[in-house]
Amino acid sequence: MKLHGIVWKRSDFRESSRVVTLITREQGRIRALSKGAHRPNSAVLGKLDLFNRVEVTLSGRGMPILGRTVLIREPRRLREPRRFLVAQHLAELFDRTVLDGRADPEQFDLLDGGLTLVELAPLEQLATIVTGVEVRLLASLGVLSSLDHCAQCGRKIESSAHIEDGGGVFCGHHASPQSSRVRLETLRWLDRLVHTPGRQWTKLEPPSDQNSALGVLSRWMTAALEVRLAAREPALRACRGRAASV
């Protein structure tokens, strides 16, 4: 069986082998045993580094055995501290949403494209990439309602907009006491990212207050995933150019 995947986690197994977790396009998250990975003459030396894009074959029952491994892409620029912190956040985020043994090509392509952008884009665009990946992931999970129409009455929101933790956007007439007011500029920015191909995100002009969009996404993701992501705040500090303080 041939799979295309991204190296996600690694752990030692006995003296010479390694257990590798991959996010794959064909089977979601899988764990496989790479026999002899630590030996000096191992055929996988340098191929199973974190975030590498690989093509692998698997065999056996129970925990599969990693067979032929081809390195497709080695994202060396992700070793830069700020980029690495952002990539770690994406790793934690998708580790919560990608399921064992279940293919989700849309999520895989979003992750793969997001990591490529984090590696290659200008550092000042990292916040845009994080925002785009997060809002697109929420959309793929089906928890993101319309960003410009009231979830209650369906009318286009032209003035006062409010959000709730469940992902809904409401007009002033239908906002609940638990909702929070949000600027229309913020919602339009998020909507633009949802409908713009990822490769064009870095060409978009960010809003005057990008932190507002990231704050909205923080509420929605915490509600959708039922957990606060530990790697997110260090990633956002890296986006602001303060990786050294993490």
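This is a predicted model: local features need pLDDT of at least 70, side-chain atom pairs count only at pLDDT 80 or more; totals for chains, interfaces and linings use all residues.
The side chain of arginine 73 meets that of glutamate 119 in a salt bridge, with 2.6 Å from N to O. Arginine 73 belongs to strand 5 (residues 65-73) and glutamate 119 to helix 2, so this pair ties together parts that lie 46 residues apart in sequence. Glutamate 119 itself is buried, at a relative accessible area of 5%.

**Other salt bridges**

The count of salt bridges comes to 16. Another of them joins aspartate 100 and arginine 29, whose closest N and O atoms are 2.6 Å apart. This pair links distant parts of the chain, 71 residues apart: aspartate 100 sits in the loop between helix 1 (81-97) and helix 2 (105-120), while arginine 29 is in strand 3 (residues 28-34). Which of the two is buried and which exposed? Aspartate 100 counts as exposed because its relative accessibility is 57%, whereas arginine 29, at 18%, counts as buried.

Glutamate 185 and arginine 183 also form a salt bridge, with their closest N and O atoms 3.0 Å apart. Glutamate 185 is partly exposed, with a relative accessible area of 33%, and arginine 183 is partly exposed too, at 42%. Elsewhere, salt bridges with shared partners join Lys9, Arg29, Asp95 and Asp100 into one network. As a general point, side chains of opposite charge can pair when their charged atoms come close.

**How the helices pack**

| Helix pair | Angle between axes | Distance between axes |
|---|---|---|
| Helix 1 and helix 2 | about 170° | 9 Å |
| Helix 3 and helix 5 | about 35° | 10 Å |

Why are helix 1 and helix 2 called roughly antiparallel? Their axes make an angle of about 170°, and angles over 145 degrees count as roughly antiparallel, so the description applies to this pair. On the helix 1 side, the contact is made by Arg83, Val86, Ala87, Leu90, Phe94 and Thr97. Helix 2 brings Gln107, Leu110, Leu111, Gly114, Leu115, Val118, Glu119 and Leu120. By class, the residues in the contact of helix 1 with helix 2 are nine nonpolar, three polar and two charged. Glu119 of this contact is also the salt-bridge partner of arginine 73.

Helix 3 (residues 126-140) and helix 5 (residues 210-225) form the other pair in the table, and their crossing is left-handed. From helix 3, the residues in contact are Ala127, Thr128, Val130, Thr131, Glu134, Val135 and Leu138. They meet Gln210, Ala213, Leu214, Leu217, Trp220, Met221 and Ala224 of helix 5. This contact of helix 3 with helix 5 divides into 10 nonpolar, three polar and one charged residues. In general, an α-helix has 3.6 residues a turn, so residues three or four places apart point the same way.

**Helix 6 and what follows**

Helix 6 (residues 232-239) is mostly covered, with six of its eight residues buried. The buried residues are Arg232, Pro234, Ala235, Leu236, Ala238 and Cys239. What do they pack against? The buried residues of helix 6 pack against helix 1, helix 3 and helix 5.

Key. Residues are numbered from 1 along each chain as its sequence is written. Side-chain values use heavy atoms; hydrogens and water are left out. Axes are lines fitted to C-alpha atoms, for helices over the stretch in contact, and angles run from 0 to 180 degrees between N-to-C directions. Helices (H or I, at least four residues) and strands (E, at least two) are DSSP runs, numbered from the N terminus. A crossing is left-handed if the near helix is turned anticlockwise from the far one by less than a right angle, and right-handed if clockwise. Contact means heavy atoms within 4.5 Å. Ala, Val, Leu, Ile, Met, Phe, Trp, Tyr, Cys and Pro count as nonpolar, Asp, Glu, Lys and Arg as charged, and the others, Gly among them, as polar. A salt bridge is a side-chain nitrogen of Lys or Arg within 4 Å of a carboxyl oxygen of Asp or Glu. Buried means under 20% relative accessible area, exposed over 50%, partly exposed in between (1.4 Å probe, protein chains only). Angles under 35 degrees count as roughly parallel, over 145 as roughly antiparallel, 65 to 115 as roughly perpendicular and the rest as oblique.
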